[in-house]
Amino acid sequence: MSRFGEIVRRDLRLALRQGSDSVMVVTFFVLTVVLFPFGIGPEANILARVAPGVLWVTALLASMLSLDRLFQADYEDGSLELLVLTPTPLEVVVAAKVVAHWLTTGLPLLAAAPVLAVLLNLDAAGFKILLLTMLVGTPILSLVGAVGAALVLGARRGGVLLSLLILPLYVPVLIFGVGAIDATLQGLEPRAHLLILGGMLAGALALAPWAAAAALRQALE
Amino acid sequence: MHRFANPARFLRIANAALPWLAGVCALSIAAGLWFALVDSPPDYQQGDSVRIMYLHVPAAWMGMFCYTAMAAFSAMALIWKHPLADLLARATAPVGAAFTLLCLVTGSLWGKPMWGTWWAWDARLTSMLILFFLYLGYMALSNAFDDPTRGYRAAAILALVGFVNVPVIKFSVDWWNTLHQPASVMRKGGPAIDPSMLLPLMLMALGFQTYYFVVLILRARAEIAGAKIHTIRMAEVHAAGRGE
């Protein structure tokens, strides 16, 4: 468990010191969302109608764009091999890296989402549930994304390939995330959607580290 | 199972089975098409459009069956490192993708006159589309590495991860009560369709199933032959390099 904390701290330190990665992810999120009022026109009621979907889709893309730094840098400079050689199970290493990834991408996205929701004129009733769905949903994105990021290590055109592998698997998160917000906005109970999202998080939490660890092992063989 | 991991033994059995499978495939598709297009009644509601179902439903079954087979072969390849299982999984992917595409296209053609739309974002349709993308991702990933075995291994893991989608497709019509009709053949209490329509459906399903086996054997045979040629060429190059 202490090693888990060590790896999380190491990745956070790397992210904070060497780069503007989190800033870039949030900037991408903000810029893409800001494009939509230009694309579909500034009418407030239309924007309010599409706001949950736009926020979720762009958050999903922003999260996906940051996946390459989960393992790629460690793979290139060889520290991933050292991490594999440590007595810590590789699954724990993966889980720690996913936690660090979520803290540096999911959390900033979560912080930026309410501001953007104001820009898109989201109904006041939707704010709480937007944050709640993103709080449950973005860790699923990081977990499933870790599997994809581990699979494409060393592949040709890894970035494009990653989107082909990961986006189909992101679809359920998107459906239930937006579904919960839409249900609330229409005055319905969002509980069922949230429970399914929670179930997906539990499933991903239990299975994704194993799949990603298996992918890392075959990448380093 | 380990007995059949030997390529030579696999080829012997496969070559013996191939003409029979091809025969069954041709006969059942011919008979199935005859019953489907000529000798079966039009539906009381759908009219002659119901005949699209005789292609659509077996194609959908095969899309799911091929993914299941691909995931099973991938698991075998990962667990026991059978090269043959790897090869069979890769040979299954394009067939499954083709069946899934056929299912989506025929469903769309049927949807236009029946539902009044080419496409609806219904749970069954969406999950089937995701299945198609999973096939594409599998094929792209298995070809994305300079070292082919790396690609096979990575793609095998992806096939297992993507398998979560298959039960979602199967039960999507029960979990979400949307446009697509629920199961009418494989359901509790027996099939809910008339024998005159069940017969062509089952014949087509048998035809598609045997078609898959025929293509699988042909593709596996070609791959094994390709690997042999590769080995022979490499041996020749090495011999030339030693100056013999």
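## An exposed lysine in chain B

K81(B) is exposed, its relative accessible area being 52% (exposed means over 50% relative accessible area, buried under 20% and partly exposed in between, with a 1.4 Å probe and protein chains only). You'll find K81(B) in the loop between α2 and α3 (83-115) of chain B. Helices (H or I, at least four residues) and strands (E, at least two) are DSSP runs, numbered from the N terminus. The phi angle of K81(B) is near 55 degrees, a positive value in a residue other than glycine.

## Before going on

This is a predicted model, where local features need pLDDT of at least 70 and side-chain atom pairs count only at pLDDT 80 or more, while totals for chains, interfaces and linings use all residues. Residues are numbered from 1 along each chain as its sequence is written, chains are lettered from A and ligands numbered from 1 in the order in which they are written, and side-chain values use heavy atoms, leaving out hydrogens and water.

## Chain B as a whole

Of the 244 residues in chain B, 46% are buried. Now take the contacts (heavy atoms within 4.5 Å) in chain B between residues at least 6 apart in sequence: 74% of them join residues at least 24 apart.

## The nonpolar core

A nonpolar core is a set of buried Ala, Val, Leu, Ile, Met, Phe, Trp, Tyr and Cys residues joined through side-chain atoms within 4.5 Å. The largest one here has 135 residues, and the members touching the most others are F29(A), F71(A), L151(A), L141(B) and Y212(B). Helix α2 (residues 53-80) of chain B gives this core its largest share, 14 residues.

Let's look at F29(A). Apart from neighbours within four places in sequence, F29(A) has contacts that include L55(A), T58(A), A59(A) and L116(A).

Two packed helices are described by the angle between their axes and the distance between the axes. Axes are lines fitted to C-alpha atoms, for helices over the stretch in contact, and angles run from 0 to 180 degrees between N-to-C directions. Angles under 35 degrees count as roughly parallel, over 145 as roughly antiparallel, 65 to 115 as roughly perpendicular and the rest as oblique.

The axes of α7 (residues 126-151) and α9 (residues 191-220) of chain A come within 7 Å and cross at roughly 20 degrees. That makes α7(A) roughly parallel to α9(A). Their contact has 24 nonpolar, three polar and no charged residues (Ala, Val, Leu, Ile, Met, Phe, Trp, Tyr, Cys and Pro count as nonpolar, Asp, Glu, Lys and Arg as charged, and the others, Gly among them, as polar). For α1 (residues 2-18) and α6 of chain A, the axes come within 8 Å and cross at roughly 40 degrees, so α1(A) and α6(A) are oblique to each other. By class, this contact has twelve nonpolar, one polar and three charged residues.

## A serine and an asparagine

S63(A) sits in helix α3 (residues 44-65) of chain A. Is S63(A) buried or exposed? Buried, with a relative accessible area of 3%. Leaving aside neighbours within four places in sequence, S63(A) touches H101(A), L109(A), L141(A) and Y170(A).

N121(A) is in the loop between α6 (90-119) and α7 of chain A. N121(A) is partly exposed, at 35% relative accessibility, and has a phi near 65 degrees, positive in a residue other than glycine.
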